[in-house]
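Here's a quick tour of one model, strand by strand and helix by helix. Keep the viewer open while you read.

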Amino acid sequence: MAESGSQQKHRHSLSFRLIAAASVWIVVLLAAGGLLLTVAFRDSTRQEFGQRLDALLRAMIATMEVGPDGGIVLAKPLGDARFDQVFSGWYWQIAEPSGRLIRSRSLWDSSLPVHDDGADMGHHDIEGPKGEPLMAAERDLQFPGVADPVHVMIAGDLRELDERVRRFDLLLISALGLFALGMVGAIVLQVRFGLRPLRAIEADLDAIRNGQSARLPDRYPAELAPLVSAMNAVLDHDAVLIERARTHVGNLAHSLKTALAVLQAELRGKPELRTAEDQIGVMSRLIEHHLARAAASAGSGRVLGVKTAVKPVAEQIVGVLQRVYADKAINVEMDIATGSVVPMAREDVEEVLGNLLENAWKWARSRIRISANAQGIVIEDDGPGLSPEQAVAVSRRGARLDEAMPGWGLGLAIVADIVALNGASLVMERSEWGGLKAIVSFAFRA
């Protein structure tokens, strides 16, 4: 199954990889530390519990005496009410050599299992009269006048120990969980702060791509300075190559068009050479078309950071066309937002506006409207317009508009090439007046 866009983004995100790796490492370390603390606390609690039993056992031994009949008696009670509460979980028991058992009231008529392992003193986990888990401390004692040793034991309820360990585990998990959240939060802040220069580079590159800047600024950390210098060097070199190519193309266009104009002037008025004159005209149009494409290929669409204000160029071209088409009473509406700029070189803007406006002037009956903002340029007229099929063909990227739309000239083909090379889109629609509406959009510029 293909990964979703979010999963792919996270997989290739440097921030996500840093945060995820650090978070996993923190969780592993805290889990291991928490396990060690739990084991250490349980062992320490058992040792403390065993020491309490030893202390109670010594206190009981201190009160034991041999009675007149040779039996063992306690001179005074231990002073812990739990030994008098039936099945309280705290018990003591004395086993005489004769087999007689002396038991705490808490045992009632039950008895504790005796471990005779020959040790002087030991701790054992046993089961109580109600099946409760107990820890027992026991010892064999030799009393004067008694031939065989007396077995003494005292037992405490391990459920108290387990409850203490459970409360400690709950507190430890809560503390370590809060600590882990705090550490992950600190790592997120650290990563975001540490990678902020990379996000700054992304924003600066967007500014270059959108024509707001020409180079990356020199304000990055030392680790990124070599990368920034290399990128600026590439941008500068690219700009030099583009300007050189534009100059060569312009020189070639001027030379060829001048030579063809001279030939055409020489042939004009000579009927026997009419075919040659026509072919020179075809050559002139083809050279104009393909040189315009070459100029567009070398244009600013490949140079980042270039931008041009639309209004001055539009006003200049409108002024020229009003003089050229003085015989047509065309009302021009200009709705260009203040400060509107497009990410294209001035030469490309002049070529696009010139061709679109000239085409509109040829076909308009009485009205032309020019609109522009940061997203693009719109030119519409009240001429015959395009059919839906023609609009689709004109909008198709890479189409030869002069071939798809006979009678519309080479201008729209040149515009399509320049617009595409500048990363924009050209769409032809029917205007609200019924004519052609040409939209040059930079909204989805790569």
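## A five-stranded open sheet

Five strands line up in an open sheet in the order β4-β3-β7-β6-β5, and the pairing is antiparallel. The edges belong to β4 (101-103) and β5 (122-127), and each has a single partner strand, so one side of each has no neighbour in the sheet. On average, neighbouring strands here are turned by 25° against each other, direction ignored. Bear in mind that this is a predicted model.

Inside the sheet, strands β6 (residues 133-141) and β7 (residues 150-157) run antiparallel and are joined by eight bridges. Helix α3 (residues 158-194) lies across β5, β6 and β7, and runs at about 35° to β7.

## Strand β3 and its two partners

Strand β3 (residues 91-95) is mostly covered, with five of its five residues buried. In a regular strand, side chains alternate between the two faces of the sheet. Here Y91, Q93 and A95 point one way from β3, while W92 and I94 point the other way, and all are buried.

On one pairing, β3 runs antiparallel to β7 and is joined to it by five bridges; A95 sits opposite H151 in β7. The other pairing is with β4, again in the antiparallel sense, over three bridges, and there I94 faces I102 in β4. The hairpin of β3 and β4 has five residues between the strands, and G99 in it takes a positive phi near 100°.

## R105, out in a loop

Is R105 buried or exposed? At 55% relative accessibility it counts as exposed, since the cut-off for that label is over 50%. R105 is found in the loop between β4 and β5.

Leaving aside residues up to four places away in sequence, R105 touches F83, D84 and V86. Its C-alpha atom is also 9.8 Å from that of S88, which is 17 residues away along the chain.

## Strand β12, enclosed

Now for another strand. Six of the six residues of β12 (residues 376-381) are buried, so this strand is largely enclosed by the rest of the structure. G376, V378 and E380 point one way from β12, and I377, I379 and D381 point the other way.

Which strands does β12 run antiparallel to? One is β11 (residues 367-373), joined to β12 by six bridges, and the two form a hairpin with two residues between them. Another is β14 (residues 436-441), joined to β12 by five bridges. E380 makes a handy reference point: R369 stands opposite E380, and E380 stands opposite K437 in β14.

## Where α7 meets α8

Helix α7 (residues 310-324) packs with helix α8 (residues 346-363) at an angle of about 40°, and their axes are 10 Å apart. That angle is why α7 counts as oblique to α8. The crossing of α7 past α8 is right-handed.

From α7, the contact uses V310, V313, A314, Q316, I317, V318, L321 and Q322, and from α8 it uses R346, V349, E350, L353, G354, L357, E358 and W361. Sorted by class, the contact of α7 with α8 has 10 nonpolar, three polar and three charged residues.

How values were computed. Residues numbered from 1 in each chain as written. Predicted model: local features only at pLDDT ≥ 70, side-chain atom pairs only at ≥ 80, totals over all residues. Heavy atoms only, no water. Axes fitted to C-alpha atoms, helices over the stretch in contact; angles between N-to-C directions. Helix = DSSP H or I, 4+ residues; strand = E, 2+ residues; numbered from the N terminus. Parallel < 35°, antiparallel > 145°, perpendicular 65-115°, else oblique. Left-handed = near helix turned anticlockwise from the far one by under 90°. Contact = heavy atoms within 4.5 Å. Nonpolar A, V, L, I, M, F, W, Y, C, P; charged D, E, K, R; others polar. Pairing = 2+ DSSP bridges. Buried < 20%, exposed > 50% of the residue type's maximum accessible area, 1.4 Å probe, protein only.
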